[in-house]
Amino acid sequence: MTEPLLVVEGLTKHFWTHRPFQRRSVIHALCGASFAMTAGQTLGVVGESGSGKTTLLRTVLGLHQPTAGTVVFAGQSVDHTKRSSQRAFWRRVGVVFQDPFSSLDPRMTVSDILREPLSVAQAPGPVEPALREALDEVQLPTTALRRFPHEFSGGQRQRIAIARALMLKPELIFLDEPVSSLDVTIQAEILELLNDIQRQTQTALVFVSHDLAVVSETCDRVLVMFGGQIVEAGPTAQVVGQPRHPYTQELLASVPTPDPPAERARIRRRRQLFAGEQERTWSLPECPAPL
Ligand SMILES: Nc1ncnc2c1ncn2[C@@H]1O[C@H](COP(=O)(O)OP(=O)(O)O)[C@@H](O)[C@H]1O
Ligand SMILES: [Mg+2]
């Protein structure tokens with residue numbers, strides 16, 4: 001049995017709403033999520049918008065303080081209430097966010113953006129070769145170093161964001177909808193790049209997407225989320241080939257097929273489901289009350 005790289009158990013995040021003149025209410029954004037992955041593995045997280053994918057990722061990273069649950073990385077418990085524990089974890093993982101327009105500081109050159117993780121982590125060794133190597137990995141020329149993010153297209157900016165995530169040679173990269181804001185052809189290029197990097201560096205990936213087709217192209221294993229809960233998990237081929245949970249079956253029905261009559265029936269069913277004309281025939285267990 002190989003050592004697990006990341007073990008998440010019972011991770012829960014509840015948000016309190018603060019609306020003026022209204023009673024505070026709780027949003028169960030993430031309820032008792034548990035999963036494990038080994039080094040070099042690619043794990044997809046799928047589910048429709050609002051299903052809790054981003055909350056899962058941000059809570060694992062400690063960008064949200066967990067309401068309950070534990071995160072263990074490479075055998076060490078990550079305590080997000082302790083700065084030193086959190087920093088030690090962040091030094092070994094990378095993150096790429098959805099929108100390359102807001103995730104890169106417009107006032108920094110590409111060189112500054114790529115240097116930042118090195119200086120925060122006080123990484124030893126020469127900086128210039130590391131910058132060139134990272135740009136090379138994402139197939140951008142070294143002339144990019146002197147330029148600013150606004151001088152690049154969306155796809156190129158996402159390459160810069162990926163290069164930044166690679167700077168500390170992470171063992172695991174979290175990607176939150178990394179291609180969702182890009183055109184379809186650019187999506188394919190970025191997916192191919194991620195697949196290449198994964199194969200060459202054997203970095204583990206947690207790949208979040210609302211699009212099952214994108215995840216099944218990239219990932220060995222998949223978690224399916226609905227209403228803040230993981231409803232199904234397994235090897236991609238199994239989840240896509242023999243989905244067990246009715247929600248996964250619905251998600252699969254939302255992937256277009258090249259057969260026109262089947263495609264028309266799919267669109268009709270989907271429309272009914274989301275218009276509330278067709279009730280969901282299943283429900284989830286209640287999320288426990290906040291602690
Ligand atoms: N900071 C926050 N404060 C309050 N509610 C939030 C916050 N972040 C997310 N939520 C709620 O949690 C639920 C899950 O959101 P999210 O994790 O962003 O879903 P996804 O990434 O799958 O689209 C949604 O109902 C969302 O409105
Ligand atoms: Mg999200």
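Residues are numbered from 1 along each chain as its sequence is written, while chains are lettered from A and ligands numbered from 1 in the order in which they are written. In this predicted model local features need pLDDT of at least 70 and side-chain atom pairs count only at pLDDT 80 or more, whereas totals for chains, interfaces and linings use all residues.

**Stop 1: the ligand**

Select ligand 1 and then F15, I27, A29, G47, S49, G50, S51, G52, K53, T54 and T55, which surround it. A residue is placed near the molecule if its C-beta atom, positioned from the backbone, lies within 6 Å of it. Colour β2 (26-38) and α1 (53-61), each of which supplies at least two residues of this shell; helices (H or I, at least four residues) and strands (E, at least two) are DSSP runs, numbered from the N terminus. The largest share, three residues, comes from α1. By class the shell of ligand 1 holds three nonpolar, seven polar and one charged residue, where Ala, Val, Leu, Ile, Met, Phe, Trp, Tyr, Cys and Pro count as nonpolar, Asp, Glu, Lys and Arg as charged, and the others, Gly among them, as polar.

**Stop 2: helix α3**

Move to α3 (residues 110-120) and select its buried residues, V110, I113, L114, R115 and P117. Buried means 20 or more other C-beta atoms within 10 Å of the residue's own, with C-beta atoms placed from the backbone. The buried residues of α3 pack against α4 (127-137) and α5 (154-166).

Now display α3 with α4: their axes come within 10 Å and cross at roughly 115°. That makes α3 roughly perpendicular to α4, a class covering 65 to 115 degrees. Axes here are lines fitted to C-alpha atoms, for helices over the stretch in contact, and angles run from 0 to 180 degrees between N-to-C directions. The contact is made by S111, L114, R115 and L118 of α3 and V127, A130, L131 and A134 of α4; two residues are in contact if their C-beta atoms, placed from the backbone, lie within 7 Å. Six residues of this contact are nonpolar, one is polar and one is charged.

Just after α3, select Q122, which takes a positive phi of about 50°.

**Stop 3: F89**

Finally, select F89 in helix α2 (residues 83-90). F89 counts as buried because it has 22 C-beta neighbours inside 10 Å. Leaving aside residues up to four places away in sequence, F89 touches F73 and V78. For a distance check, pick H18: F89 and H18 are 71 residues apart in sequence and 32 Å apart in space, C-alpha to C-alpha.

Key:
Buried ≥ 20, exposed ≤ 12 C-beta atoms within 10 Å, placed from the backbone. Parallel < 35°, antiparallel > 145°, perpendicular 65-115°, else oblique.
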